[in-house]
Amino acid sequence: MSTPLLTLEGVGKDYAKVESRGGRLRLVFDLLRGHGAAHVFRALDDVSFTMARGESLGIIGENGAGKSTLLKVVAGVIQPTRGRVAVNGRVGALLELGSGFHPEYTGLANIDLAAALLGLGPAEIAAKREEIIAFADIGSHIHDPIKHYSSGMVVRLGFAVATALTPDVLITDEVLAV
């Protein structure tokens with residue numbers, strides 16, 4: 001049997017729940033003393049699954065069910081409070097519209113920035129730049145600051161960068177809704 005591409009075992013994620021200013025101070029004090037938060041919101045609890053190469057997985061649920069939190073844990077953006085996550089491959093993530101992009105930079109500059117943040121070296125970025133530009137299909141706007149782009153243009157550019165990595169796992173979270 002081959003090694004699973006993705007394995008989650010008993011994954012949970014808690015967030016401190018603070019209702020007052022005094023509560024924030026108490027939380028900081030407790031954390032500095034090595035104690036956990038007294039009141040928490042449990043966003044994920046005991047999530048386990050295995051995914052093999054070639055499989056697809058859709059996560060469906062109501063607002064606030066923890067879907068985005070789970071995807072951020074898989075992408076490595078946040079650490080789980082409990083459990084274990086093992087990813088045996090390269091992860092590409094489109095979690096938020098334009099995440100990793102700087103609004104003042106041109107599309108070209110943002111390709112370099114986003115690709116570097118995703119772990120590509122300068123030579124890899126240079127080798128893939130034309131492919132990314134062609135796939136994004138935003139024409140001469142590639143030379144404009146992305147703060148002037150439509151939401152669709154930003155998504156196309158982000159998708160082009162993320163897929164240029166040829167990730168083993170591609171995570172999308174409502175980013176393609178536009």
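Here are a few friendly notes on the helices and nonpolar cores of this predicted model.

1. Some ground rules. Residues are numbered from 1 along each chain as its sequence is written, and side-chain values use heavy atoms, with hydrogens and water left out. Local features need pLDDT of at least 70 and side-chain atom pairs count only at pLDDT 80 or more, while totals for chains, interfaces and linings use all residues.

2. Helix α2 (residues 67-75) has K67, T69, L70, L71, V73 and V74 as its buried residues (under 20% relative accessible area, 1.4 Å probe, protein chains only). These pack against β1 (6-16), β2 (40-51), β3 (82-87) and β5 (169-172). Helices are DSSP runs of H or I, at least four residues, and strands are runs of E, at least two, numbered from the N terminus.

3. Helices α4 (residues 122-136) and α5 (residues 151-164) have axes that come within 8 Å and cross at roughly 140 degrees. Axes are lines fitted to C-alpha atoms over the stretch in contact, with angles from 0 to 180 degrees between N-to-C directions. On the α4 side, the contact (heavy atoms within 4.5 Å) is made by K128, E131, I132, F135 and A136.

4. The largest nonpolar core has 20 residues; such a core is a set of buried Ala, Val, Leu, Ile, Met, Phe, Trp, Tyr and Cys residues joined through side-chain atoms within 4.5 Å. Helix α5 gives the most to this core, with six residues. Leaving aside neighbours within four places in sequence, I132 is in contact with I111, A160, V161 and A164.

5. A second, separate core of 14 residues includes L5, V11, M51 and L71.

Note on methods
Buried < 20%, exposed > 50% of the residue type's maximum accessible area, 1.4 Å probe, protein only.
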